[in-house]
Amino acid sequence: MKATIYHNPKCGTSRKTLEILRDSGWDVWIQEYLKNPPSRDDLKRLYDRAGITARQGLRAKEPLAEELGLTRSDVTDDEILEAMVKHPILIERPLVETVNGVRLCRPQDKVREIL
């Protein structure tokens, strides 16, 4: 049982999600997305599998999101994805992928849906 977590070790929700995965016996590959950001195509694939839009995957409370105008209603998902690739701090975390699906794990217990 393998899982991938797009992780920020400074984030409490991300740390708790990682703990749930490990406690559930999953072999976890950790991608610290701030150091090694996913590609635009990877983000699109993850959001498609999760059934969410790039806008829903945007860390809208990050001040940079507003500075770049990404919180405006007329901004496209493509524009958001491009900004996320350039500025990975805009990616809401943690994202978890397993064979059972992908979830944006906020709150952390959402990870249980794909275990």
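Start by selecting strands β1 (residues 2-7) and β3 (residues 95-98): they pair in the antiparallel sense over 3 bridges. Strands here are DSSP E runs of at least two residues and helices are H or I runs of at least four, numbered from the N terminus; two strands pair if DSSP finds at least two bridges between them. Click T4 and you'll find its bridge partner, E97, in β3.

Keep in mind that this is a predicted model, where local features need pLDDT of at least 70 and side-chain atom pairs count only at pLDDT 80 or more, while totals for chains, interfaces and linings use all residues. Residues are numbered from 1 along each chain as its sequence is written, and side-chain values use heavy atoms, with hydrogens and water left out.

Now bring up the whole sheet: 4 strands, open, mixed pairing, in the order β2-β1-β3-β4. The edges are β2 (27-32) and β4 (101-104), each with a single partner strand, so one side of each has no neighbour in the sheet. On average, neighbouring strands are turned by 15° against each other, direction ignored.

Next, show helix α1, which lies across β1, β2 and β3 and runs at about 170° to β1. Angles are taken between N-to-C directions, from 0 to 180 degrees, with axes as lines fitted to C-alpha atoms, for helices over the stretch in contact; contact means heavy atoms within 4.5 Å.

Stay on α1 (residues 12-23) and pick I20. At 10% relative accessibility, I20 counts as buried (under 20% relative accessible area; exposed is over 50%, partly exposed in between; 1.4 Å probe, protein chains only). Leaving aside residues up to four places away in sequence, I20 touches Q108, D109, V111, R112 and L115.
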